[in-house]
Amino acid sequence: MSILYDEGQQAIATESRRVLDARANKARLLGLLERVGAWDEMFWNTAVEQGWTALAISEEHGGLGLGLTELGLVAQATGAATAGAPFLAVGHGLAHAVAAIDDAALQAQWLPRLAAGDMLGTVAFGEGSSPLTATPAVTFADGILNGAKDGVTGGLKADIALVWALADGEPALVLAELAGADRTPVDSFDNARLIADITFAATPARLIARGAEARELALDVLARMAVVTAHEQVGGAEALLFIARDYANTRRAFGQVIGAFQSVKHRIAELYGLVEIARANCIHAAARAGQADFLIAAADARISATDAYDTAARDCVQVHGGIGVTWEQGLHLHMRRARSLAIEQGNMLFWEDLLVERLTGVAA
Amino acid sequence: MSNPDQFRERAHAWLASVAPVYGRAARRGLTEEQDLALGRAYLAARFDAGFAGINWPIEMGGQGLTHIEKVIFDTEEMAYGMPTGYFAISLGMPVPILIRFCEDRAWVRERVIRALRGEEIWCQLFSEPAGGSDLAGLRTRAEGDGNGWKLNGQKLWTSWAQYSDYGVIVARNDPTAQKHKGLTYFWVDMRTPGVEVRPIKLAGGDSHVNEVFFDDVRLEDSQRIGGVGAGFSVAMATLMIERYSATDSAGFGPHLDLFVDTVRDLEINGRPALKDARVRSTIARNHAMRAGLDSITGRAMLMLQAGMEPGPEGSLNKLVSVRSRQKLSELAIDLQGQRGFRFHPEASQKEDWGSSWINAPTGRIAGGADEMLLNTIAEKILGLPQDHRPDKGVAFNQIPA
């Protein structure tokens, strides 16, 4: 069963949109694209000030004790604004893993600082082209981490990472402070994501889980981050839907507004369908966190949201014609974000295979 | 437990108890006449059990419950494949219009109860050769004839007219008025002299739709529903009756589980078909899409229960689900290779890929073609403009042909 947003949740949605609208600055975001290692600190200060870092952390640890639904609503607003810092999803992934294990000291050490935004967390699972390989090349032994992770979102500025590694031949999740790791910025099409290749060389780390338990927790963390990101994708896709609609209602050609041509209006109506299906999946998935069917719901949300944002990015530019491909007009901010979000938290191929494995019992 | 939950449980229990008599399995192998007879018996049983006319007024023979119980019952009922198709139009549009607009209440009550019991069937005579999606382009003429009317013309795609006792019809009373304004709505007795019904065989082999010819058919003025020239707005009221009806994210075709079952024993290049990336991607995309539609429906139900108006996204269901069912059915046939040639068009569209495939185009056209649904979304929800309309503001008989 799905849910209806309550008043508090609606207020979070409205307020986060309002704050981001008030501080939106396209020139600032465009400037970030051409600078490697720069990020939207103004957005991040806003996130901390608004308490978004504390949303899904328990009150006991200085958080607000809310959940994925509320975090999703904020992510939707940041998606619409192509707001330029990546920690909402990956920070939640790390905080959730810390909160999920039975270690009060560790929780007291990290969660209050993550909630206050004093520390930034990320998740380093992927290697090569695989979002979660069965046999990671990064190894953990005797409290020491060795090996390399590719393209870690937020990796350039994060203080601590949840790392997918191999320990004595079985998969493990470990926590590593990144001050002791070597970080190389990736010059990307979406540089505000602070993407880094990270090399661990005898970096101290702490075991969180291993074996089947580690894989289960890793999938849960990925699913949670995927649901947050899916909300962000829906926010971006919906923004593009409205931008395309507004342009089609004003731009004139052949003696009428272009929105009167079915080739244009149907394209935009199809976007509406993709956005609403993805939104419905997101609302449902956020409400299923912690339930047995959560991974399936998260996969549905992730797949439909990636489809919605990618299609919206393509079609909104197409509706605009030439002006849509200019630097200054800025639709490429969404094009770029649609691609980076499509890769973060596991790409479409990963989620399709995972969903079908859960539905049919047959692995790829 | 809330009332809707109690109602669902009660409905479920009754449906399960009669399913062996009327449900999908009992219907296999029946001729259409036998199936229709079973359907009439099912409707009588449903009436006696208190599940007929769920959200219709008690004084008209209904149950006086809300829209929520109606959608709950329809959703539960759909799962059993009961023989209700013959009566879907009858109870969906014409009879509610009678309840809403007809003044002779005793006569209406008798019609309602007979229709609810499956004893009488009503058809809806709207579409014509020159007016399908463009309903107001219809040409059937209603001319004044003494104190009544005389009907001449042809209707098309009329579902179940061959079994119908009555119909509702929109006809043109004034060809010099603008197209939407020269129409009037009537009910008609299908046994009146001059009414001729000819079934049309469709691509899948069945003949549930008909051509209906009217040759100097006499109507009394008391058979008029709504004002003279107000026929289009009465017809539009029809569309507003069930703003939220039971939906099927499978597009009224087979469930995705059946696709997985079909594929599970197949191989591609010597490997299990379920390991093939194309198959996996199809399953995943369809699951995500159907789950989204189901969540939209679930949220709409919650909104109804909370006394709110469901969002317009409910209108996506038919558009999205039926065309995806069409493609999924094609793939299910293809995956079976040479074995996919075997064809049972008379099988249930919800259980058989061939039957689902051959009948899918009807689903994408009937009740609002995909293109019309996209227009509606674009114009009514998103506020995009109407198409260029050379027929607007022009007398019907002056519209360029």
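In this predicted model, the count of cavities of 30 Å³ or more comes to three. The largest cavity holds about 160 Å³ of space, and about 50 Å³ lies in the second largest cavity.

The largest cavity is lined by 15 residues, and those that lie nearest its centre are A:Thr53, A:Phe87, A:Gly91, A:His92 and A:Leu114. Helix α5 of chain A, residues 87-100, gives the largest share of this lining, with five residues. By class, the lining of the largest cavity divides into 11 nonpolar and four polar residues, with no charged residue.

The second largest cavity is lined by A:Leu29, A:Leu32, A:Leu33, A:Thr82, A:Gly84, A:Asp190, A:Ala192, A:Leu333, A:Arg336 and A:Arg337. Two helices of chain A, α2 (26-33) and α10 (331-343), each supply at least two residues of that lining. Its classes are five nonpolar, two polar and three charged residues.

The helix pairs follow, one from each chain. Two packed helices are described by the angle between their axes and the distance between the axes, and the table sets out these values.

| Helix pair | Axes come within | Crossing angle |
|---|---|---|
| α4(A) (residues 68-80) and α7(A) (residues 211-250) | 7 Å | roughly 40° |
| α9(B) (residues 256-264) and α10(B) (residues 277-305) | 10 Å | roughly 170° |

In chain A, the axes of α4(A) and α7(A) cross at roughly 40°, which makes α4(A) oblique to α7(A). The crossing in which α4(A) passes α7(A) is right-handed. On the α4(A) side the residues in contact include A:Leu68, A:Leu71, A:Leu73 and A:Gln76, and on the α7(A) side they include A:Arg224, A:Val227, A:His231 and A:Glu232. By class, the contact of α4(A) with α7(A) has nine nonpolar, seven polar and three charged residues.

In chain B, the axes of α9(B) and α10(B) cross at roughly 170°, and because angles over 145 degrees count as roughly antiparallel, α9(B) is described as roughly antiparallel to α10(B). This crossing of α9(B) and α10(B) is left-handed. From α9(B), the residues B:Leu256, B:Phe259, B:Val260 and B:Val263 meet B:Val279, B:Ile283, B:Asn286, B:His287 and B:Arg290 of α10(B). The contact of α9(B) with α10(B) has six nonpolar, two polar and one charged residues by class.

Definitions and conventions
Residues numbered from 1 in each chain as written. Chains lettered and ligands numbered in written order. Predicted model: local features only at pLDDT ≥ 70, side-chain atom pairs only at ≥ 80, totals over all residues. Heavy atoms only, no water. Axes fitted to C-alpha atoms, helices over the stretch in contact; angles between N-to-C directions. Helix = DSSP H or I, 4+ residues; strand = E, 2+ residues; numbered from the N terminus. Parallel < 35°, antiparallel > 145°, perpendicular 65-115°, else oblique. Left-handed = near helix turned anticlockwise from the far one by under 90°. Contact = heavy atoms within 4.5 Å. Nonpolar A, V, L, I, M, F, W, Y, C, P; charged D, E, K, R; others polar. 1 Å grid on protein atoms, 1.4 Å probe; cavity = no way out; pocket = protein on both sides within 12 Å on 5 of 7 lines; lining within 4 Å. Points joined across faces, edges and corners; volume = space filled by probe spheres on them.
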